[in-house]
Each structure stands twice: as C-alpha cells, then as structure tokens.
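Here is a short briefing on one protein chain. Look over the sequence and the model, then read on.

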Amino acid sequence: MQARLTYGNWMPLVIIGSLFFVFGFITWLNGALIPFLQIVCQLGEIQAMLIAFSFYIAYVVMALPMSYILEKSGYKNAMSIGLGLIAAGCLLFIPAAKSQAFSIFLFAQFVVGSGLTILQTASNPYLVKVGPQESAAARISIMGLLNKGAGVLAPIIFTFLILGEFEGISAKTFELLSPAEQASQITIMSDNLILPYLGMAIALSLLAVALRFSDLPELDLEHEAQSLQVSHSDKTSVLHFPHLILGVVTLFFYVGVEVIAGDTIGLLGSGLGVENATSLTSFTMFFMVMGYLLGLFLTPRFISQKTLLIASAVSGIAFSICVIYSNPAHFGVSEMLWGWLGIQTIPNTVAFVALLGLSNAIVWPAVWPLALQNLGYFTAKGSALLIMGIAGGAILPMVFGVLSSHYSPIDAYWMMVPCYLFILFYGIKGCSMTEWRRA
C-alpha cells in the first residue's frame with residue numbers, strides 16, 4: 001500500500017518541507033554569488049555565468065547515476081545522501097575562499113549541484129506519489145513556497161554576512177578603487193565566506209543524519225506498476241511517454257528562464273550602478289512567492305492548473321518584452337517598499353526582471369504531476385529525466401551571457417520569448433499527448 005500524507009501525520013510533511021527550504025536556499029545563493037565572485041575573481045560576463053553553469057550542469061551529468069542510487073537505496077536514504085553531498089560541496093568553499101581560485105569555486109558548485117540532483121530526483125516524485133494525483137500540484141506549490149521563501153532570504157542573508165562592511169559596493173564602484181584597495185577588499189570578502197559555508201556544512205550534515213533515522217515512510221510503487229502494466233503493455237521504455245519527454249523540454253526552458261530572471265538580475269543591477277546588487281535576487285524570489293500564493297488561492301476553485309500554466313507563459317512573454325523596451329533610467333520601485341533591503345530604488349528594467357518571478361512560479365508545480373502521470377515503474381527514471389531538464393539552468397544563462405557580450409544585457413532578454421512560447425505549447429497541447437504518432 002502506498003504511503004500517504006494525511007492531516008494527522010505532519011512529520012513527513014515537515015521533513016520534506018525542510019528539504020525544499022534547504023535546496024531553495026542553496027540554489028538561490030547563486031543569485032548573490034554570481035555578482036560577488038565577479039568582483040572577487042575579476043570575471044567578465046561570460047565567465048560569471050560559468051558559476052551557474054557548473055551548478056546546473058551537474059543535473060545533466062549526475063541525474064541518471066543518481067536515479068540508480070535512488071532505485072537501490074530508496075527515497076529516504078537517497079535524500080540523506082544528497083544532503084551529505086551538499087555539505088561536502090559547502091566545505092569546498094573554504095579552500096576556494098582561501099585561494100580565491102575560480103576553478104575550486106566551480107568544482108564546489110558542481111558538488112553542491114550533484115547533491116541537489118539526487119535530493120530533487122527523490123523529493124519531487126515523492127511529493128507527487130505520496131498522495132492523490134489531483135492534489136499533487138497543491139503539495140508541490142506548498143513546498144514551492146518554502147523553496148522560494150528561502151530564495152528570498154538567501155541573498156539578503158548573504159549580503160548581510162558577507163558584504164555587511166562594504167556598503168554600496170557594486171561592479172562600477174569597485175572599478176574606481178586603487179589596485180591596493182581592490183586587493184584588500186577581495187581578501188576580506190573571500191575570508192567572509194568561510195564561517196557561513198562552514199556553518200551550512202555542519203547544519204546539512206546534522207540534517208542528513210536526522211533524516212536517515214527518521215520515520216519518513218518509503219514509497220511503494222509496485223501496486224501502481226501492476227495496474228499500469230496491462231494498459232501500457234506496448235510501452236517498454238520511458239521514452240514512449242510523449243507527455244513526459246515534452247515535460248522534460250518544458251522544464252529545460254522553464255529552469256533556464258527562472259535562473260536568468262533570478263541570477264542575472266544582480267549582474268544587470270550592478271552594471272546599472274544599483275548598490276548592494278547581490279540582494280536583488282530577493283526581488284525575483286519575492287514575486288515567485290506571490291505567484292505561489294496566487295496559484296494556491298485560484299486553483300482549482302476559480303481556474304484550472306492547466307489554464308494557470310498557460311497564463312504564466314503569456315505573462316512571461318509580456319514581462320520579457322517590457323524588460324527590453326523599458327527605460328533603464330526610469331525608477332519604478334519605491335523607497336518605502338524596498339528600502340529595508342538597503343536599496344532605495346531600482347530601475348524599471350530591473351523591476352520587470354523581478355516580475356518574471358511571478359510568471360515562473362506556477363510552472364514547476366504544474367509540470368511535474370502532468371509529466372509523471374501514469375508512469376508506474378518508470379517513475380524513478382522519469383523523474384531523473386525531468387531533473388535533467390534542469391540543465392536549462394546551465395545552458396541558457398550561458399547563451400544569455402554570450403548575447404549580453406555581443407549585444408547588450410537588456411537585448412539578451414529577447415531569448416526569453418521563445419522559451420515561454422514552448423511552455424505555452426506544453427500547457428495547451430503537449431501535456432495531454434499520449435502517443436507520438438498523434439503529434
């Protein structure tokens with residue numbers, strides 16, 4: 001019998017919720033880390049995007065090996081292994097900070113990404129399969145609130161702990177310093193990384209041990225596999241499910257635009273002279289949290305999940321165009337609203353990038369249950385393929401970096417439009433395709 005979350009059994013929900021908070025916090029640290037390392041390691045725009053690339057490419061390289069571990073060890077043990085890998089990656093930030101070597105930072109990012117790969121490969125299908133299919137999107141949305149809430153906090157905490165003594169620093173202001181002053185600031189900023197990452201490594205290790213010995217129920221998909229064996233007797237491979245494969249491509253484009261909106265906003269703001277630009281990712285995460293709350297309120301009583309997915313894609317297209325045609329010299333966020341972040345006002349262009357978080361919020365919780373529906377014994381491999389879609393977070397920001405260098409950071413946002421168009425296609429048709437010949 002498949003384990004199920006109930007109102008009378010909150011502990012599994014609390015455990016899974018803590019995991020979603022963890023990989024939200026770790027993931028969206030990248031938004032602060034990119035402009036930070038751009039200064040510390042003296043990087044160009046394309047080099048800076050390698051920070052995101054090394055993190056997200058792990059989802060491609062390690063997804064299938066991690067699915068093998070998942071099948072052999074079970075969902076609970078796999079999550080514990082993932083936390084241990086993330087802790088190891090955090091420890092690697094210590095020698096990276098001491099040496100200020102960009103290559104070690106990139107390797108540490110890859111190790112952290114590998115840990116998140118198995119954590120996400122296990123936790124997302126766990127949420128889908130642990131309860132009724134019709135409420136899967138709601139469960140993922142609730143966890144998404146924790147995930148993106150952590151994304152709001154991560155850049156703020158990073159800026160406070162790491163850059164607290166460097167008020168008003170940006171790429172522009174750093175260039176005005178003398179070489180001696182630059183070297184002194186780089187040393188202090190690098191050393192400030194050590195204690196926070198050591199603390200995260202210890203906390204993650206303790207959480208891994210606690211999870212390993214917790215009473216989190218294991219999934220039993222044998223019953224579902226047997227019931228689907230007759231109806232899917234012609235499907236001998238996970239590649240025979242069009243709604244899954246198209247879901248992988250959808251997640252590729254979605255994660256790409258999500259990372260661009262979250263991780264490039266700091267670079268864009270820093271280039272426009274916005275002070276404390278490392279905290280700008282919190283703007284995008286704030287609107288993602290608002291999007292999750294809006295989705296939970298509207299679905300399913302007022303609007304279907306599929307319709308909201310379509311609306312998200314349309315709004316993403318609209319906001320992307322607004323980014324391109326807005327005037328970066330005009331300011332659109334009030335001092336009253338965002339002054340507590342240490343930022344008095346931000347340009348309209350940056351504000352529209354932040355609003356993309358509203359468009360991106362509902363895509364992930366909508367695609368997962370649609371793509372995993374009726375996979376049965378193919379669930380683990382299907383989940384691994386969906387996780388590989390996160391490679392969009394590695395590849396598309398690199399494309400963005402190239403376009404930014406050849407044209408301008410603002411014009412590079414044109415690439416967002418075709419990405420949202422594919423998400424729109426999946427919401428309209430792709431999610432309901434059951435046979436390739438009917439395409």
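Is Gly247 buried or exposed? Gly247 has 0% relative accessibility, so it counts as buried. Buried means under 20% relative accessible area, exposed over 50%, and partly exposed in between, using a 1.4 Å probe and protein chains only.

This is a predicted model: local features need pLDDT of at least 70, side-chain atom pairs count only at pLDDT 80 or more, and totals for chains, interfaces and linings use all residues. Residues are numbered from 1 along each chain as its sequence is written, and side-chain values use heavy atoms, with hydrogens and water left out.

**Around Gly247**
- Helix α13 spans residues 242-271 and contains Gly247. Helices (H or I, at least four residues) and strands (E, at least two) are DSSP runs, numbered from the N terminus.
- Leaving aside residues up to four places away in sequence, Gly247 touches Val367, Ala371, Leu386 and Tyr426. Contact means heavy atoms within 4.5 Å.
- Trp368 is 121 residues from Gly247 along the chain, yet their C-alpha atoms are separated by 7.7 Å.

**Whole chain**
- The protein chain has 21 helices and zero strands.
- Of its 439 residues, 58% are buried.
- Among contacts with a separation of 6 or more, 83% join residues 24 or more positions apart.

**Nonpolar core**
- The largest nonpolar core has 132 residues, and Ile26 and Met79 have the most contacts inside it. Helix α13 gives this core its largest share, 13 residues.
- Such a core is a set of buried Ala, Val, Leu, Ile, Met, Phe, Trp, Tyr and Cys residues joined through side-chain atoms within 4.5 Å.
- Beyond residues up to four places away in sequence, Met79 touches several residues, including Ile16, Leu119, Tyr126 and Leu216.
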